[in-house]
Amino acid sequence: MTLLEIVELIDKTNRLIVEEKGIEQGIAFPTGVNVNHIAAHYTPNPEDDKVVLGYDDVCSIDFGTHVGGDIIDCAFTIAFNPMHDNLLMAVKEATNAGVKMAGIDVRLCDIGAHIQEIITSYEVEYDGKTYPVMPIQNLNGHNIGPY
């Protein structure tokens, strides 16, 4: 599929599930399809209709909805080539640990430190060379609130 087709499918489903009603509720922001070296916030334009997600690519997808201005988002990472399995496992284990740790009176910095510890415990191998998995600096969450 092209990146544009992926975005259009996600947006169509998003509108249906949230029961889009003009400005009252609908898509919160442009859907991001961030491939390989693109860390976040890339949305294809109509002229990008030839860019296809490939077998060897890693793609992070980020989409959101809003109801009455209250925004919620969801992000996940996909890859088809098994060479990326350790990377996907690092992301999955770290995410699950962060969710499990979250609760009343838990400091966000403690959750972040735990997530980072898990991520950095993984390695990936590409072209016979081993690399540590590292979180991206200065790319983190956002506030929860209207618009």
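Student: Which exposed residues sit on the face of H1 turned away from its buried side?

Tutor: Lys12 and Leu16. Exposed here means over 50% relative accessible area, buried means under 20%, and partly exposed is in between, with a 1.4 Å probe and protein chains only. Before we go on, this is a predicted model, where local features need pLDDT of at least 70, side-chain atom pairs count only at pLDDT 80 or more, and totals for chains, interfaces and linings use all residues. Residues are numbered from 1 along each chain as its sequence is written, and side-chain values use heavy atoms, with hydrogens and water left out.

Student: OK, and which residues of H1 are buried?

Tutor: Leu3, Leu4, Ile6, Val7, Ile10, Asp11 and Asn14. Looking down the axis of H1, they fall within an arc of 155 degrees, so they line one face of the helix. That arc is taken over the directions from the helix axis to the C-beta atoms.

Student: What do the buried residues of H1 pack against?

Tutor: Strand E1 (25-27), plus E2 and E3. Contact means heavy atoms within 4.5 Å. The helices (H or I, at least four residues) and strands (E, at least two) are DSSP runs, numbered from the N terminus.

Student: How far apart are the end C-alpha atoms of H1?

Tutor: They are 21 Å apart, which agrees with the 21 Å that its 15 residues should span at 1.5 Å a residue. The expected span is 1.5 Å times one less than the number of residues.

Student: Switching topic. Which residues make up the largest nonpolar core?

Tutor: There are 9 residues in it: Leu3, Ile6, Val7, Ile10, Val33, Val35, Leu53, Cys59 and Ile61. Helix H1 (3-17), strand E2 (32-35) and strand E3 (58-67) each give two or more residues to this core, and H1 gives the most, with 4 residues. For the record, a nonpolar core is a set of buried Ala, Val, Leu, Ile, Met, Phe, Trp, Tyr and Cys residues joined through side-chain atoms within 4.5 Å.

Student: What does cysteine 59 touch?

Tutor: Leaving out residues up to four places away in sequence, cysteine 59 touches Val33, Asn34, Val35, Leu53, Phe76, Thr77 and Ile78. There is also a second, separate core of 8 residues, which includes Ala90, Ile118, Tyr122 and Val133.

Student: How many disulfides does the structure hold?

Tutor: It holds 0 disulfides, a disulfide being a pair of cysteine sulfur atoms within 2.5 Å. Take cysteine 74: the closest cysteine sulfur is in cysteine 59, 13 Å away, too far for a bond. Cysteine 74 is partly exposed, at 35% relative accessibility. Cysteine 109 is also partly exposed, with a relative accessible area of 48%.

Student: Back to helices. Which residues of H2 are buried?

Tutor: Ala90, Ala94, Ala97 and Gly98. They fall within an arc of 100 degrees seen down the axis of H2, so they line one face of the helix. Helix H3 (108-119) is part of what covers them.

Student: And what's on the face of H2 turned away from its buried side?

Tutor: The exposed residues Lys92, Val99 and Lys100. H2 itself (residues 85-101) has 17 residues and reaches 24 Å from its first C-alpha to its last, close to the expected 24 Å.

Student: How many salt bridges does a search of the whole structure find?

Tutor: It finds 3, where a salt bridge is a side-chain nitrogen of Lys or Arg within 4 Å of a carboxyl oxygen of Asp or Glu. Glutamate 20 pairs with arginine 15, with the closest N and O atoms 3.3 Å apart. Lysine 50 meets aspartate 49 at 3.6 Å, N to O. Aspartate 110 pairs with arginine 107 at 3.1 Å between the closest N and O atoms.

Student: Is arginine 107 buried or exposed?

Tutor: Exposed, with a relative accessible area of 52%.

Student: Last one: where is asparagine 36, and what is its phi near?

Tutor: Asparagine 36 is in the loop between E2 and E3, and its phi is near 55 degrees, a positive value in a residue other than glycine. Most residues other than glycine have a negative phi. Aspartate 127 also has a positive phi, about 50 degrees. Aspartate 127 lies in the loop between strand E5 (123-126) and strand E6 (129-132), and it is exposed at 87% relative accessible area.
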